[in-house]
Amino acid sequence: MYLHKELETMSRSEIKQLQLERLKKTVNHCMNSPFYKKRFDAFGLKPSDIQSLEDLKKIPFTTKEDLRSTYPFGMASVPLEQCIRLHSSSGTTGNPTVILHTRRDIDQWAEAVARCLYMVGLRSNDVFQNSSGYGMFTGGLGFQYGAEKLGMLTVPAGAGNTKRQIKFITDFHTTALHAIPSYVTRLYEVMQTMGIDPRRDTDLRVLLIGAEPHSDEQRKRIEQMLGVKAYNSFGMSEMCGPGVAFECPEQNGLHIWEDYYIVEIVNPDTLEPVPDGEMGEMVLTTINREAMPLLRYRTRDLTRILPGDCPCGRHHIRLDRFKGRSDDMMILKGVNIFPIQIEKILMNFNELASNYLITLFTSNDNDEMTVEVELAKLLTDENEKLKSLAKEITRQLKDEILITPHVKLVQKGTLPQSEGKAVRVNDLRRHF
Ligand code: COA
Ligand code: AMP
Ligand code: ZN
């Protein structure tokens, strides 16, 4: 059962006091990590230099590149035998990123997710269904453990197979569903074809939507379609996964749990702090993690801190709806993809030239990707050869980016040539 309500309702001064305590402890603990030890030495920094929350700014940023260059275990702050799980997600090229967890980390992560679920009114008599992918996708096991901690009956349906997903919702009387916002439309459309009216034929009352940017209009539309309340859920693998920030019943921003994270918002170009309330890149320091704490991690996610107190009475600060990224990462079907991953595969084929275009679009309520790529030389009357080439490219791309793109081979000189930096991604997705 969910136990630690006092942490959820701390005053500002209590939050600050706990943050400083945990920051000092974390920085000391980080000296067990070969990466941070070396970095602190390189900057002539000692853990004792961190005596206030302001002192955090003395610590250099940690980036996704750091995670990749220390792959797989170079950032661990505990011996590997104390770790019980890792999650890995795609990097830009080459090495993916890895986050290690001790038993305590997994338990604290579940606690954070349980706190979010409790906050939006879910209780042990609810039935919780998860349409996230399990395995390495943290939205799977992350929500699973949190929902179990709360004591709900859980339905770990996983991604895909929409008809079966809907059968579970009706047969098991699912009351709460975790889904990616773009997938909810697909669910709704398939319900229509099955003659199921979600308001009449299901017990759904709460939707937890996240993993990709979406608008308030999109949220309202989901609420209206399914007859539910839909709450924005923010998470990222580097910070565990889901449970980082969540909307409360006021639905006016996402409370970020400050007993787990210290938040900074910086200008992504200058890396200087932005004035209060302005948009910038979110930088997070984990202060409640054992296996692999991260100091001043550049999330690349763009948001701002909302001014003022939330009428709900919680004092953990609120983040505005996320507006996108300060890098070129795309999120399609809840999967993170960097254009360079696609480019790397394409450039392995001698038959291909270097000009390509990625188009994201919505078709039959599914988000899809087309990869158009120019052939190196003019090919005519070689249809069979072209088909098998496209098939092999599709297979290799699917292995790399986890979703299935539509590959189109086009004649050299057909794709637009852009001056300067090539425009590689055309996002035509329509969400309402
Ligand atoms: N969540 C759940 N199911 C999804 C989905 C999503 N975001 N996007 C698509 N699907 C469904 C499709 O509707 C389809 O099922 P249906 O035909 O029964 O309706 C099925 O998954 C396969 O989709 P398709 O587009 O044909 O396959 P793909 O190879 O391009 O993508 C997925 C494969 C869907 C399995 C992959 O995109 C995935 O695992 N997505 C979920 C990622 C996730 O959980 N992220 C959460 C991070 S917190
Ligand atoms: P992952 O590491 O696979 O969990 O993906 C994390 C990324 O997904 C974040 O860094 C964001 O870019 C994006 N993301 C997750 N939740 C949200 C959300 N609620 N709104 C907007 N973007 C989100
Ligand atoms: Zn609130």
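Gly280 stands opposite Thr303 in strand S12. That pair belongs to the join between strand S11 (residues 280-286) and S12 (residues 297-303), which run antiparallel and are linked by four bridges. The model is predicted.

**Open sheet S10-S11-S12-S14**

- Four strands make up an open sheet in the order S10-S11-S12-S14, and their pairing is antiparallel.
- S10 and strand S14 (324-325) are the edge strands; each has a single partner strand, so one side of each has no neighbour in the sheet.
- Strands of a sheet pair through backbone hydrogen bonds, in either a parallel or an antiparallel arrangement.

**Strand S17 and its partners**

- Strand S17 spans residues 352-363 and is mostly covered, with nine of its twelve residues buried.
- S17 runs antiparallel to strand S18 (residues 366-375), and nine bridges join the two.
- Within this pairing, Tyr356 stands opposite Val373 in S18.
- S17 and S18 form a hairpin with two residues between them. Asn364, in the turn, has a positive phi of about 50°.
- S17 is also joined to strand S20 (residues 425-427), here by three bridges and in a parallel arrangement.
- Ile358 stands opposite Val425 in S20.
- Thr362 is found in S17. Thr362 counts as buried because its relative accessible area is 17%, under the 20% cut-off.
- The side chain of Thr362 makes a polar contact of 3.2 Å with the side chain of Asp367.
- In a regular strand, side chains alternate between the two faces of the sheet.

**Ligand 1**

- Ligand 1 is surrounded by 19 residues, and the closest are Gly133, Thr162, Arg186, Lys333 and Thr404.
- Lys333 places a polar side-chain atom 2.4 Å from an oxygen atom of ligand 1.
- Thr404 has a polar side-chain atom 2.6 Å from an oxygen atom of the ligand.
- A polar backbone atom of Gly160 lies 2.9 Å from a nitrogen atom of ligand 1.

**Second largest pocket**

- The volume of the second largest pocket is about 610 Å³.
- Its lining consists of 26 residues; nearest the centre of the pocket are Val263, Glu264, Ile265, Asp276 and Ile305.
- Helix H2 (12-30) and strand S10 (261-266) are the elements that give two or more residues to this lining.
- S10 supplies the largest share of the lining, five residues.
- By class, the lining of the second largest pocket has 15 nonpolar, two polar and nine charged residues.

**Cavities**

- Two cavities of 30 Å³ or more are found in a search of the whole structure.
- The largest cavity holds about 60 Å³ of space.
- Lining the largest cavity are Asp105, Gln108, Met239, Cys240, Tyr260, Tyr261, Thr286, Asn288 and Arg289.
- The lining of the largest cavity divides into four nonpolar, three polar and two charged residues.
- The second largest cavity has a volume of about 30 Å³.
- Helix H5 (103-119) and helix H6 (138-150) are the elements that give two or more residues to the lining of the second largest cavity.
- The residues that line the second largest cavity are Arg85, Ile106, Trp109, Ala110, Leu141, Gly142 and Tyr145.
- Five nonpolar residues, one polar residue and one charged residue make up the lining of the second largest cavity.

**Ile222 in helix H10**

- Ile222 is found in helix H10, which covers residues 216-226.
- Ile222 counts as buried because its relative accessibility is 0%.
- Ile222 and Ile166 are separated by 56 residues in sequence, and their C-alpha atoms are 16 Å apart in space.

Terms used
Residues numbered from 1 in each chain as written. Chains lettered and ligands numbered in written order. Predicted model: local features only at pLDDT ≥ 70, side-chain atom pairs only at ≥ 80, totals over all residues. Heavy atoms only, no water. 1 Å grid on protein atoms, 1.4 Å probe; cavity = no way out; pocket = protein on both sides within 12 Å on 5 of 7 lines; lining within 4 Å. Points joined across faces, edges and corners; volume = space filled by probe spheres on them. Nonpolar A, V, L, I, M, F, W, Y, C, P; charged D, E, K, R; others polar. Buried < 20%, exposed > 50% of the residue type's maximum accessible area, 1.4 Å probe, protein only. Pairing = 2+ DSSP bridges. Near = heavy atom within 4 Å. Polar contact = N/O pair within 3.5 Å; in protein donor to acceptor, adjacent residues only side chain to side chain.
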